Amino acid sequence: MQSSYIIKFKLNCTRRDSLDAFSNRVTSIPEVDSCYLVTGHFDFIANLESKKMPLDMKIIREKLHRIENLKEMHIYMANRIHLNKNRDIFAKSLLQKHPST
C-alpha cells in the first residue's frame with residue numbers, strides 16, 4: 001500500500017538561486033511527487049509517496065536531511081485525501097493515484 005506524506009520545509013536563505021537549488025534537489029528525489037514554493041511560515045511544501053509505512057527513515061536521513069540550506073522540516077502522514085472530484089485536472093490526477101477517495 002502506498003502512503004502519502006506532506007513535508008513542509010523552511011530554509012536558511014531564500015535568495016532566488018538558493019530557492020532554485022533547493023527545488024531542484026527536492027524534485028530530484030524519486031519519491032517526491034510534487035513540490036510547491038509557498039508564502040507563509042514555510043518556504044516549500046512537498047508531497048512524497050512511499051510504499052513503506054511509516055516513511056522509510058533512509059529517505060529522511062540520506063535524502064531529505066542532507067539537503068543544503070534546510071533550516072526546518074516537518075513531516076505529516078496523509079491519512080486520507082479529500083478532493084472536490086469535479087474541480088480540476090490536479091484533483092483528477094490524484095484520484096487516479098488514489099481511487100478509493
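Let's start with a word we need today: a residue is buried if its relative accessible area is under 20%, exposed if over 50%, and partly exposed in between, using a 1.4 Å probe and protein chains only. At 3% relative accessibility, F44 therefore counts as buried.

A quick note on what you are looking at. This is a predicted model, where local features need pLDDT of at least 70, side-chain atom pairs count only at pLDDT 80 or more, and totals for chains, interfaces and linings use all residues. Residues are numbered from 1 along each chain as its sequence is written, and side-chain values use heavy atoms, with hydrogens and water left out.

Now, the rings. Rings of Phe, Tyr and Trp (its six-membered ring) pair if their centres lie within 6.5 Å; planes under 30 degrees apart are stacked, over 60 edge-to-face, and the rest tilted. That rule gives 2 aromatic pairs here.

One joins F9 and F22 edge-to-face, with 5.1 Å centre to centre and 70° between the planes. F9 sits in strand β1 (residues 3-11) and F22 in helix α1 (residues 16-27), so this pair ties together parts 13 residues apart in sequence. Helices (H or I, at least four residues) and strands (E, at least two) are DSSP runs, numbered from the N terminus.

Is F22 buried or exposed? F22 counts as buried, because its relative accessibility is 2%. F9 is buried too.

F22 also pairs with F44, this time tilted: 4.9 Å centre to centre, 40° between the planes. That pair links distant parts of the chain, helix α1 and strand β3 (residues 44-50), 22 residues apart. Together, ring pairs link F9, F22 and F44 into a cluster.
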